[in-house]
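Work through the exercises below with the sequence and the model at hand. Each task is followed by a solution in steps.

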Amino acid sequence: MQLCHSGDCGLCRQMVKKSCRCGRREKTVQCHQEYNCETKCDRKRDCGRHPCKRKCCDGNCPPCEQVCQRLLNCRNHKCSSRCHSSRCYPCIETVDIACNCRATVLTVPCGREKRTRPPRCKELCTTPPDCHHPQRKPHVCHFGDCPPCRKACQKKLPGCKHTCPLQCHSAVRKSLEQSRPVG
(Lines give C-alpha, C1' and ligand atoms only; values in the text may rest on other atoms or scores of the structure.)
Protein backbone atom coordinates (compact mmCIF):
# COMPACT_ATOMS: atom_id res chain seq x y z
CA MET A 1 0.00 0.00 0.00
CA GLN A 2 1.41 3.35 -1.03
CA LEU A 3 0.89 6.02 1.67
CA CYS A 4 2.13 9.15 0.03
CA HIS A 5 2.32 9.79 -3.72
CA SER A 6 2.47 12.57 -6.23
CA GLY A 7 -0.41 13.44 -8.58
CA ASP A 8 -4.09 12.54 -8.42
CA CYS A 9 -5.31 9.45 -6.59
CA GLY A 10 -6.21 6.59 -8.92
CA LEU A 11 -9.59 4.86 -9.11
CA CYS A 12 -10.69 2.80 -6.14
CA ARG A 13 -9.85 -0.84 -6.78
CA GLN A 14 -11.39 -2.25 -3.64
CA MET A 15 -13.84 -5.14 -4.28
CA VAL A 16 -17.44 -4.45 -3.17
CA LYS A 17 -20.80 -6.19 -3.63
CA LYS A 18 -23.01 -4.06 -5.93
CA SER A 19 -26.61 -4.37 -7.10
CA CYS A 20 -27.27 -3.85 -10.78
CA ARG A 21 -29.35 -0.93 -12.10
CA CYS A 22 -32.58 -2.97 -12.23
CA GLY A 23 -31.99 -4.41 -8.75
CA ARG A 24 -32.47 -8.06 -9.78
CA ARG A 25 -28.82 -9.21 -9.49
CA GLU A 26 -25.78 -8.63 -7.27
CA LYS A 27 -22.10 -9.09 -8.11
CA THR A 28 -18.74 -8.37 -6.51
CA VAL A 29 -16.88 -5.80 -8.65
CA GLN A 30 -14.26 -3.09 -8.15
CA CYS A 31 -15.68 -0.07 -6.38
CA HIS A 32 -15.26 2.28 -9.34
CA GLN A 33 -17.06 -0.04 -11.80
CA GLU A 34 -20.77 0.18 -12.59
CA TYR A 35 -22.56 -3.19 -12.69
CA ASN A 36 -25.34 -3.83 -15.21
CA CYS A 37 -26.78 -7.34 -15.59
CA GLU A 38 -27.90 -8.97 -18.87
CA THR A 39 -31.54 -9.39 -17.81
CA LYS A 40 -33.92 -7.88 -20.39
CA CYS A 41 -36.77 -5.71 -19.09
CA ASP A 42 -40.20 -7.27 -19.61
CA ARG A 43 -42.23 -4.15 -18.71
CA LYS A 44 -44.43 -2.63 -21.41
CA ARG A 45 -43.38 0.66 -22.97
CA ASP A 46 -45.63 3.73 -22.96
CA CYS A 47 -47.66 2.30 -25.86
CA GLY A 48 -48.80 -0.57 -23.64
CA ARG A 49 -48.18 -3.08 -26.47
CA HIS A 50 -44.42 -3.58 -26.87
CA PRO A 51 -41.97 -4.77 -24.18
CA CYS A 52 -38.99 -2.59 -23.24
CA LYS A 53 -36.33 -5.35 -23.73
CA ARG A 54 -33.58 -2.97 -22.54
CA LYS A 55 -30.84 -4.77 -20.59
CA CYS A 56 -30.79 -4.02 -16.84
CA CYS A 57 -33.53 -1.38 -17.07
CA ASP A 58 -34.14 0.76 -13.99
CA GLY A 59 -37.90 0.97 -14.73
CA ASN A 60 -37.59 4.26 -16.60
CA CYS A 61 -38.27 2.57 -19.95
CA PRO A 62 -37.69 4.65 -23.10
CA PRO A 63 -40.74 5.58 -25.23
CA CYS A 64 -41.76 3.13 -27.95
CA GLU A 65 -40.24 4.01 -31.33
CA GLN A 66 -42.04 1.44 -33.46
CA VAL A 67 -44.73 2.37 -35.99
CA CYS A 68 -48.25 1.69 -34.66
CA GLN A 69 -49.46 -0.43 -37.64
CA ARG A 70 -52.94 -0.97 -36.13
CA LEU A 71 -55.75 -1.24 -38.67
CA LEU A 72 -57.61 2.08 -38.94
CA ASN A 73 -61.40 2.29 -38.69
CA CYS A 74 -61.60 2.34 -42.51
CA ARG A 75 -60.30 -1.28 -42.50
CA ASN A 76 -58.15 -0.48 -45.56
CA HIS A 77 -55.07 1.25 -44.10
CA LYS A 78 -52.79 0.96 -41.08
CA CYS A 79 -51.79 3.70 -38.64
CA SER A 80 -48.43 5.22 -39.58
CA SER A 81 -47.95 7.20 -36.34
CA ARG A 82 -45.37 6.33 -33.70
CA CYS A 83 -46.78 3.55 -31.49
CA HIS A 84 -49.27 4.89 -28.93
CA SER A 85 -51.80 3.69 -26.37
CA SER A 86 -54.66 6.00 -27.40
CA ARG A 87 -57.08 5.56 -30.32
CA CYS A 88 -55.63 6.05 -33.79
CA TYR A 89 -56.55 9.12 -35.82
CA PRO A 90 -59.18 8.56 -38.54
CA CYS A 91 -57.94 7.64 -42.01
CA ILE A 92 -57.14 10.73 -44.07
CA GLU A 93 -57.54 8.99 -47.45
CA THR A 94 -60.56 9.60 -49.68
CA VAL A 95 -62.20 7.41 -52.32
CA ASP A 96 -64.04 8.48 -55.47
CA ILE A 97 -67.35 6.77 -56.20
CA ALA A 98 -68.56 7.20 -59.77
CA CYS A 99 -71.73 6.54 -61.68
CA ASN A 100 -71.69 3.90 -64.43
CA CYS A 101 -70.45 6.30 -67.14
CA ARG A 102 -67.94 7.97 -64.74
CA ALA A 103 -69.29 11.47 -65.58
CA THR A 104 -70.54 12.09 -62.01
CA VAL A 105 -68.12 11.47 -59.15
CA LEU A 106 -68.66 11.64 -55.38
CA THR A 107 -65.64 11.81 -53.00
CA VAL A 108 -66.14 10.09 -49.63
CA PRO A 109 -63.84 9.29 -46.67
CA CYS A 110 -62.00 5.98 -46.98
CA GLY A 111 -64.03 3.11 -45.53
CA ARG A 112 -67.41 4.59 -46.41
CA GLU A 113 -67.30 3.57 -50.08
CA LYS A 114 -69.01 0.22 -49.33
CA ARG A 115 -71.95 1.93 -47.58
CA THR A 116 -72.36 4.86 -50.00
CA ARG A 117 -74.65 4.59 -52.99
CA PRO A 118 -73.23 5.78 -56.32
CA PRO A 119 -74.26 9.32 -57.26
CA ARG A 120 -77.22 9.98 -59.52
CA CYS A 121 -76.12 11.01 -62.97
CA LYS A 122 -78.01 13.27 -65.38
CA GLU A 123 -76.02 12.19 -68.44
CA LEU A 124 -77.70 9.99 -71.06
CA CYS A 125 -76.93 6.27 -71.04
CA THR A 126 -74.29 5.36 -73.63
CA THR A 127 -74.82 1.56 -73.60
CA PRO A 128 -75.36 0.36 -77.18
CA PRO A 129 -78.73 -1.30 -77.90
CA ASP A 130 -78.94 -5.08 -77.50
CA CYS A 131 -81.46 -5.33 -80.33
CA HIS A 132 -81.28 -4.55 -84.09
CA HIS A 133 -82.28 -0.88 -83.70
CA PRO A 134 -79.48 1.66 -84.21
CA GLN A 135 -80.46 3.70 -81.10
CA ARG A 136 -82.22 3.20 -77.79
CA LYS A 137 -84.91 5.40 -76.35
CA PRO A 138 -82.92 8.07 -74.46
CA HIS A 139 -82.63 7.43 -70.70
CA VAL A 140 -80.20 8.54 -67.98
CA CYS A 141 -77.04 6.75 -66.83
CA HIS A 142 -77.67 3.74 -64.56
CA PHE A 143 -76.20 0.48 -63.29
CA GLY A 144 -77.55 -2.86 -64.48
CA ASP A 145 -79.56 -3.69 -67.58
CA CYS A 146 -81.15 -1.02 -69.74
CA PRO A 147 -84.94 -1.01 -70.07
CA PRO A 148 -86.22 -3.23 -72.91
CA CYS A 149 -86.72 -1.73 -76.35
CA ARG A 150 -90.36 -0.65 -76.84
CA LYS A 151 -90.06 0.32 -80.53
CA ALA A 152 -91.92 -1.58 -83.25
CA CYS A 153 -89.76 -4.38 -84.67
CA GLN A 154 -89.96 -3.16 -88.31
CA LYS A 155 -87.90 -6.09 -89.67
CA LYS A 156 -88.98 -7.27 -93.13
CA LEU A 157 -91.14 -10.36 -92.99
CA PRO A 158 -89.96 -13.32 -95.10
CA GLY A 159 -91.58 -13.68 -98.51
CA CYS A 160 -93.15 -10.20 -98.78
CA LYS A 161 -92.45 -6.46 -98.44
CA HIS A 162 -94.27 -6.00 -95.14
CA THR A 163 -92.56 -5.29 -91.82
CA CYS A 164 -93.14 -6.86 -88.42
CA PRO A 165 -95.61 -4.67 -86.47
CA LEU A 166 -94.91 -6.27 -83.07
CA GLN A 167 -92.88 -4.73 -80.27
CA CYS A 168 -89.13 -5.29 -80.69
CA HIS A 169 -88.26 -8.88 -79.83
CA SER A 170 -84.62 -9.19 -81.00
CA ALA A 171 -83.16 -8.99 -77.51
CA VAL A 172 -85.80 -11.39 -76.18
CA ARG A 173 -84.87 -13.95 -78.82
CA LYS A 174 -81.18 -13.63 -77.97
CA SER A 175 -81.80 -14.30 -74.31
CA LEU A 176 -84.07 -17.29 -75.11
CA GLU A 177 -81.44 -18.74 -77.46
CA GLN A 178 -78.75 -18.33 -74.78
CA SER A 179 -80.86 -20.05 -72.10
CA ARG A 180 -81.82 -23.11 -74.24
CA PRO A 181 -79.79 -26.26 -73.47
CA VAL A 182 -77.65 -27.43 -76.38
CA GLY A 183 -78.24 -30.95 -77.81
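Helices (H or I, at least four residues) and strands (E, at least two) are DSSP runs, numbered from the N terminus. The model is predicted: local features need pLDDT of at least 70 and side-chain atom pairs count only at pLDDT 80 or more, while totals for chains, interfaces and linings use all residues. Residues are numbered from 1 along each chain as its sequence is written, and side-chain values use heavy atoms, with hydrogens and water left out.

**Exercise 1.** Search for disulfides (pairs of cysteine sulfur atoms within 2.5 Å).

Solution. The search of the whole structure returns zero disulfides. For C52, the nearest cysteine sulfur belongs to C61, 3.6 Å away. C52 is buried, at a relative accessible area of 3%. For C153, the nearest cysteine sulfur is that of C164, at 4.0 Å. C153 is also buried, at 1%.

**Exercise 2.** Describe how strand 1 and strand 2 are joined.

Solution. Apply the pairing rule: two strands pair if DSSP finds at least two bridges between them. Strand 1 (residues 15-19) and strand 2 (residues 26-30) run antiparallel and are joined by five bridges. K17 stands opposite T28 of strand 2. Six residues lie between the strands of this hairpin, and G23 there has a positive phi near 85°.

**Exercise 3.** Which residues make up the largest nonpolar core?

Solution. A nonpolar core is a set of buried Ala, Val, Leu, Ile, Met, Phe, Trp, Tyr and Cys residues joined through side-chain atoms within 4.5 Å. The largest has six residues: C68, L72, C74, C79, C91 and C110. Another core, of five residues, lies apart from it and includes C20, V29, Y35 and C37. Across the protein, 23% of the 183 residues are buried.

How values were computed. Buried means under 20% relative accessible area, exposed over 50%, partly exposed in between (1.4 Å probe, protein chains only).
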